[in-house]
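Welcome, and thanks for taking a look at this one. Please have the sequence and the coordinates open side by side as you read.

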Amino acid sequence: MANEWRVARVKAEELELTLQNLDADGFQIDKIHFESALILVIACKALSDNKRKRFYPSERVVLRASNGRLVETQGIGQPLRAVGMGQSDATLFQLIRLDPTYGPGLVAFLQPGGLIISIADEKADKPLIANGPEVGGWQMFVLLPRSGGRVSIRTFDQKKFLRAEGSEALIVAKAESADEADVFDVESVRSSDVEQVGVILHW
């Protein structure tokens, strides 16, 4: 069913583009019918996205890296850095606990602006970024318990671990093992603040 809704959304987007192109090319389209068609397209896209959503438990957290600073992001496309001095909108994340059938400790991180934290490129050469509303392999991470209640964070493909790197403490997925990785404290902002968050899974 999820795949059927993806197809429906693509078709709706194609129809929207066709309508816009016809209008731009000067075709005589009755304005009422044109606007009605666009409203229908928008509704279909919204319904498609809603049907694709899956809801998972989440909690609001901050991530404290080994350098004692909080991980933060300044918005879409901006790199994650472990430079935060205190709790703020830039350091708050929703820790989404995904379906454990794919493996224990599987999570995604949602920042306050509604963007999912993601690996920036296939080679993981660049810092992690806040980049888009969907959750796929690049947006899934695994929390691995370490001593003192802390965790290492591994990529979903099991190839790399996260660490803060360089003078700017950029969060990158370059560590080859848990020993080379940062250890993070996942600190709940309010331990009772557990809610269901809907995300679109992209496979």
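The report below goes from the whole chain to one strand and then to the salt bridges.

## The chain as a whole

Keep in mind that this is a predicted model. The protein chain holds two helices and 14 strands. Of its 203 residues, 40% count as buried. The chain exposes about 11,300 Å², and carbon and sulfur atoms supply 52% of that area.

Take the contacts between residues at least 6 apart in sequence: 54% of them join residues at least 24 apart.

Let's zoom in on strand E5, residues 106–110, which is mostly covered, with five of its five residues buried. Leu 106, Ala 108 and Leu 110 point one way, while Val 107 and Phe 109 point the other way. In E5, the residues pointing either way are all buried.

E5 pairs with strand E4 (residues 93–97) in the antiparallel sense, over four bridges. Within this pairing, Arg 97 has Val 107 of E5 as its bridge partner. E5 also runs antiparallel to strand E9 (residues 141–145), and two bridges join them.

## Salt bridges

How many salt bridges are there? The count comes to seven. One of them brings us back to Arg 97, whose side chain meets that of Glu 59 at 3.0 Å, N to O. Because Arg 97 lies in strand E4 and Glu 59 in strand E1 (residues 53–64), the pair ties together parts that are 38 residues apart in sequence.

Lys 160 and Glu 176 form another salt bridge, at 2.4 Å from N to O. Lys 160 sits in the loop between strands E10 and E11 and Glu 176 in the loop between strands E12 and E13, so this pair links parts that are 16 residues apart in sequence. Lys 160 is partly exposed at 22% relative accessible area, and Glu 176 is partly exposed at 49%.

Glu 165 and Arg 163 form a salt bridge as well, with their closest N and O atoms 3.0 Å apart. Both are partly exposed: Glu 165 has a relative accessible area of 25% and Arg 163 one of 21%. Finally, salt bridges with shared partners join Glu 72, Arg 81 and Glu 168 into one network.

Key: Residues are numbered from 1 along each chain as its sequence is written. This is a predicted model: local features need pLDDT of at least 70, side-chain atom pairs count only at pLDDT 80 or more; totals for chains, interfaces and linings use all residues. Side-chain values use heavy atoms; hydrogens and water are left out. Buried means under 20% relative accessible area, exposed over 50%, partly exposed in between (1.4 Å probe, protein chains only). Two strands pair if DSSP finds at least two bridges between them. Contact means heavy atoms within 4.5 Å. Accessible areas come from the Shrake-Rupley method with a 1.4 Å probe; for residues, only the protein chains shown count as cover. A salt bridge is a side-chain nitrogen of Lys or Arg within 4 Å of a carboxyl oxygen of Asp or Glu.
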